Amino acid sequence: MKHLNVLAYAGIVRRSKAGRTVTVRLRPQPMREAMDWLRRYERFWSGSLDRLATYAESKEVEASRKRR
């Protein structure tokens, strides 16, 4: 229930109650907005992390050559 409370507070889900039955519905718009925001940063970080991986791999190759 704590997780559902957090999602409801964020506006991601909507709850309705009929008697003892609580229905929880996903609201897609807040999730779309979050995904749009994440995609912008994913493009930025993917490029940066790819460059970092290339650099680290080149340093690893250099180190293994020096050990020989």
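**A quick briefing**

Trp 37 is found in helix 2, which covers residues 28–67; helices here are DSSP runs of H or I with at least four residues, numbered from the N terminus. This is a predicted model, where local features need pLDDT of at least 70, side-chain atom pairs count only at pLDDT 80 or more, and totals for chains, interfaces and linings use all residues. Residues are numbered from 1 along each chain as its sequence is written, and side-chain values use heavy atoms, leaving out hydrogens and water.

**Trp 37 and the surface**
- Trp 37 counts as partly exposed because its relative accessible area is 45% (buried means under 20%, exposed over 50%, partly exposed in between, with a 1.4 Å probe and protein chains only).
- A nonpolar patch on the surface includes Trp 37, Met 35 and Tyr 55, and its members together have about 980 Å² of accessible area (patch residues have over 30% relative accessible area and no salt bridge, with nonpolar side chains joined within 5 Å; a salt bridge is a side-chain nitrogen of Lys or Arg within 4 Å of a carboxyl oxygen of Asp or Glu).

**Two serines in helix 2**
- Ser 48 sits in helix 2 and is buried, at 19% relative accessibility.
- A polar atom of the Ser 58 side chain lies 2.7 Å from the backbone oxygen of Tyr 55.

**Helix 1**
- Just after helix 1, Gly 11 has a positive phi of about 80°.

Note on methods. Patches are made of residues with over 30% relative accessible area and no salt bridge: like charges are joined within 9 Å, nonpolar side chains (Val, Leu, Ile, Met, Phe, Trp, Tyr) within 5 Å. Accessible areas come from the Shrake-Rupley method with a 1.4 Å probe; for residues, only the protein chains shown count as cover. A polar contact is a pair of N or O atoms within 3.5 Å; within protein, one must be able to donate a hydrogen and the other to accept it, and residues adjacent in sequence count only if both atoms are side-chain atoms.
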